[in-house]
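Subject: Model for your files

Hello,

I am passing on the model we talked about. Please keep it with your notes; my reading of it comes after the files.

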Amino acid sequence: MPAATRTRIPIDYASYFSLESKYRERSRLKEIKPFSEIPGMINFGVGIPHPSTFPVDGMTLSLPFVGKSVFVPGYGTRTPEELQELAPYTPTSKTEALNPDLAEELQYSATYGQKHFLSWIKEHVRRVHAPLYDDWEVCCTAGNTDGVDGVMRALLDRGDHLLVEEFAYPGLLSPAVSLGLKSVGVPMDDKGIVADELDRIMDDWDENARGGPRPKLLVLVPTCSNPAGVTIPVERKREIYDVCRKHNILICEDDPYCFLQIRPNDAASPIVPTFLSLDIDGRVIRVDSFSKIVAPGARLGFVTGPAPLVEKIMNTRESATQCPSGFSVAAVSAVLRAWGSHDGFENRYIPYISDIYSKRCLMMIDLLKQHVDPGTIEIPQPSGGMFLFVRLKIETHPDFPTLSPSIIAKRVFDTMVEEKVLAVPGLYFRAPSLDALTPEEEARKTFFRISFSLPPPDVMKQGVERIGRALARDWRL
Ligand SMILES: Cc1ncc(COP(=O)(O)O)c(C=O)c1O
């Protein structure tokens, strides 16, 4: 071919994009990233686990072709000499749960997951959630983002409506838009979504007016929710469940913070019963993750629900992630085994991890009480997890109602940034609503999200003092 014709042909890539790419939305949380980069900023914006909570902080890999073992450092183990002593190893039977073996783990596995790991998960589900029906199944995922993606792809089509919490996790709202789904926020109070409001939305649903069929799926975060920090009490769960039965709605419980809930007597108190444990019909798909209790980088989780639904979710993963990461399954299995399988997980490991976050949560509440004028904020009840959703008492602000709640909230954010402290405006989590709110109603729904999972205690104190200063300035106190 002549050289002249071999120059680069310009390609209009946009003309190749799928509908999904065209409509793909990134999380609004990325908008606050530039503020987090301001030198000296105290960041209460990110809700990620502290690396000191990772149960693996160093490892060695035995590499046959190079003829040596290599060390990989972690948070607390920076040199090979600091590695924990190697425990004696006794080979175990192939049928036993938590029996990782790299000869098998590094091979392709069933999309559902490796047998020994699945058998541990199934026993875990029986012990913790005790499903009330028999034909339930579990399928491993690459975490809850992956699990919820599988649920949406398995059940919904472009143009469908999706019921979500009024203040919802952006990692749900943005992918829903990319999949062509229309989210509908269900109003919430301090106990989660309000069952009567869900009932009203469904009773009033007019397919022509709404431009789509009746919603058939509700996705919510039942424990220490993100952003609202709410754990739905069991009575409210029953009410929501009954409304879902009435309107034939499936429930997806995205529950990564389940084991970080504050319990009155730690491991001796049961967790709040989950939707899965209340489910008599087989209408709940539970989505679990090891991200918050082991490490987000493990990218490991599982979905549990009626076998026919889980099979469809598994099919979506088969053509995406194909099967869980063998390295992750091996490492997480080894950790769970070392802690003493189910008994150790429930009675020692979970209390150990959740205690770290519970203490931080309660410390943050104390700091807010000490350093922020009570006329400016309403402090929520602590439930654990990683977030507090703090209400701004807009109704007491000197510029309300001359200025709208959203303008006041924006000013508060700007003043906080000037004081070098970052929290996320509640607006970023707001799902599309069917109701128009009055300024007074809007004022009662103006929040900011504070994450307490990462900063050390002295930084937390400094950050809350800055919040106090910012709000005092804004309220002209
Ligand atoms: C409510 C909620 N769901 C899902 C996720 C993502 O979890 P995973 O790391 O398991 O994908 C998060 C993490 O921030 C979350 O807050």
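This is a predicted model: local features need pLDDT of at least 70, side-chain atom pairs count only at pLDDT 80 or more; totals for chains, interfaces and linings use all residues.

Residues are numbered from 1 along each chain as its sequence is written.

An unreviewed UniProt entry annotates residues 106-467 as "domain: Aminotransferase class I/classII large"; such annotations may be inferred rather than shown by experiment. That span is 42% helix and 16% strand (DSSP runs: H or I of at least four residues, E of at least two, numbered from the N terminus).

Helix α12 takes in residues 326-338. Its buried residues (20 or more other C-beta atoms within 10 Å of their own, C-beta placed from the backbone) are Ser328, Val329, Ala331, Val332, Ser333, Val335 and Leu336. Among the elements covering them are α3, α4 and α13. Glycine 340, with a positive phi near 100°, follows α12.

Val332 is also among the residues with the most contacts inside the largest nonpolar core, which has 111 residues (buried Ala, Val, Leu, Ile, Met, Phe, Trp, Tyr and Cys joined through C-beta atoms within 7 Å). The element giving most to this core is α13, with 7 residues.

The ligand is surrounded by 14 residues (C-beta within 6 Å); Gly143, Thr145, Asn226, Ser289 and Ser291 are the closest.

Regards

Definitions and conventions. The expected span of a helix is 1.5 Å times one less than its number of residues. A residue is buried if 20 or more other C-beta atoms lie within 10 Å of its own, exposed if 12 or fewer, and partly exposed in between; C-beta atoms are placed from the backbone. Two residues are in contact if their C-beta atoms, placed from the backbone, lie within 7 Å.
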